Amino acid sequence: MRSAVVSVAASFAAFLVAGCGNLTPDAMTLEENVVRAQGDRKKIEQAYVPLNGPLSLSEAIARSLKYNYDGQLAKTEINMQEKQLNLALAQMLPRLAAGAGYDGRTSYNAAQSIDVFTQQQSLTYSYSQQPSFGTADLTLTWNALDVGLSFFQARQQGYRVLIAVERRRKVIDNIVRSTATAYWRAKTASELLPRIEPMLKTARQILEASRAVSAQNLQAPLALLDFQQNMVIVLSELERIRSELSAARIELATLINIPAGGDIIYSGGLSESMEPQFGLNNHQLENIGLTLRPELRIEAYQKKIDQQDIYKEILKMLPGIGMIGGFNFNSNNLLYTNVWGEIGIRATFNLMNMIQGPRAIAVAKQAVDLSEERRIALSVAVLSQINLAINEYANSLDTFKTAKDVDKVGMQIGRVADSVSEAGAQSEADRIRRQLTVLTTRIARDRSQVRVLTALASIYSATGMDLVPAGAELQDLPTLTAQVEQAIVRWQAGQLPELPTPAAAPEPAPSTSEAPAAPMAPAQPMHTAKAD
């Protein structure tokens, strides 16, 4: 027996020594990284979903919400927090443990007895335990202090689920804003890029012809160089515009989960009427923002989480009362009873908590005050963002009106330039320069129009109004597209959520005598505000 134990110990030691030598991992080889990259690319390409017909703004937003990895990550975070809540609730259950064991020795556990008064041996060597025997037990333990702490921990986890929902609202809002901006920019690019390519081709041909003339010394060198410089500037501006417009299409393709080089046909057009029906009521929008902004709701939930820490620290100062019960089995045949049950009650009181407890409670209360101050500071920032968004929207409307007037003049210049060129009264280079001016004014007009739409989206984002609720089902694309379409109609019409009138005063600051309520169940936020 002893040799077997020594052998097992030696083998285990050898295993540990061999394992320590493999603690430093080897770097991945180039071939392994190539295989990994190919596998990742295959997964990405398999996830592409082709477009079926022209792409509308509502479908673009719906596809972004359904296929965007950030949105999926936010949804996964909610699921994880909900599972953590289920785990926290399960930790309130009593502990039920089952055990089994085996004991063995090479000799009998024999001993003698000595009389305590006479110091004489009263019995010869004897034993009451067999050399080998097995044991089994089933023990149930329950501690009131642990259950109380688990209760408040479950409440905190319930609030974390709600925080995850608010974070998903923010992610959805970012996706909606990014997709709407990219859609209008890409749509504008699809209308302007076909006009740029012919101009680029003609400008290059004129530049090459000028260089050929310069090589033959048929005209004054300085005049030719001035002309070539102007044409190079025209080419540079056209290429810059083409690069910028092409980037918008790639950005949109990434958002809606199609290959970057895929063709997109757009439906719908930019509306000339940009001012929503709700006007620019700063006070009303400020109230909505303070109520609906995800960041402020997150801080409100964080305060509730910190309040639970106060209750937990108070509970730790109380004595812990626990109960234990179970059934036991021992295969030792020398025992009078091989199966027996037991039950007991224990009370423990950590006297050091009387010193630590008040300090821990003070720290927990300070955390609650800090959450309150952080939310107030964030509220000031939110009010600033709302007013800046409103100001940006008003300025963008004025800029758009001016850009439309400039574009009208540019179109007239373009028509006159074409007529003059057809009559032979101006060179092709002059026509290209004037067409570039016309194109620039159109781009400025479209940019200002997109800026108005972006500013309008910023107002909705700054006030926390959801285009798509965080609890929306993102699996069915046609249903989600219809839901987004209806929301866009409300959005462009300027419909605002109606806030309920508070029926009671705000919740007072927590005190040590406040009785905790039952844990809150996770709830999904709606498009219209609810009283918290």
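Modeller: In this predicted model, Asp466 and Arg169 are joined through their side chains by a salt bridge, with an N to O distance of 2.9 Å. Asp466 belongs to the loop between α10 (428-463) and α11 (477-493), while Arg169 is part of helix α5 (residues 144-216), so this contact ties together parts that are 297 residues apart in sequence. Both Asp466 and Arg169 are buried. The two also belong to a network of salt bridges that links Glu166, Arg169, Arg297 and Asp466.

A second pair is Lys303 and Glu372, which form a salt bridge whose closest N and O atoms are 2.9 Å apart. Here again distant parts of the chain are linked: Lys303 lies in helix α8 (residues 294-316) and Glu372 in helix α9 (residues 353-422), 69 residues apart. Lys303 has 15% relative accessibility, so this residue counts as buried, because buried means under 20%. Glu372 has 25% relative accessibility and therefore counts as partly exposed.

Helix α9 also holds Asp407, which pairs with Arg445 in helix α10 and so links distant parts of the chain, 38 residues apart. The side chains of Asp407 and Arg445 meet in a salt bridge at 3.8 Å, N to O. Asp407 is buried, as is Arg445.

These pairs are among the 16 salt bridges that the structure holds.

Terms used. Residues numbered from 1 in each chain as written. Predicted model: local features only at pLDDT ≥ 70, side-chain atom pairs only at ≥ 80, totals over all residues. Heavy atoms only, no water. Salt bridge = Lys/Arg side-chain N within 4 Å of Asp/Glu carboxyl O. Helix = DSSP H or I, 4+ residues; strand = E, 2+ residues; numbered from the N terminus. Buried < 20%, exposed > 50% of the residue type's maximum accessible area, 1.4 Å probe, protein only.
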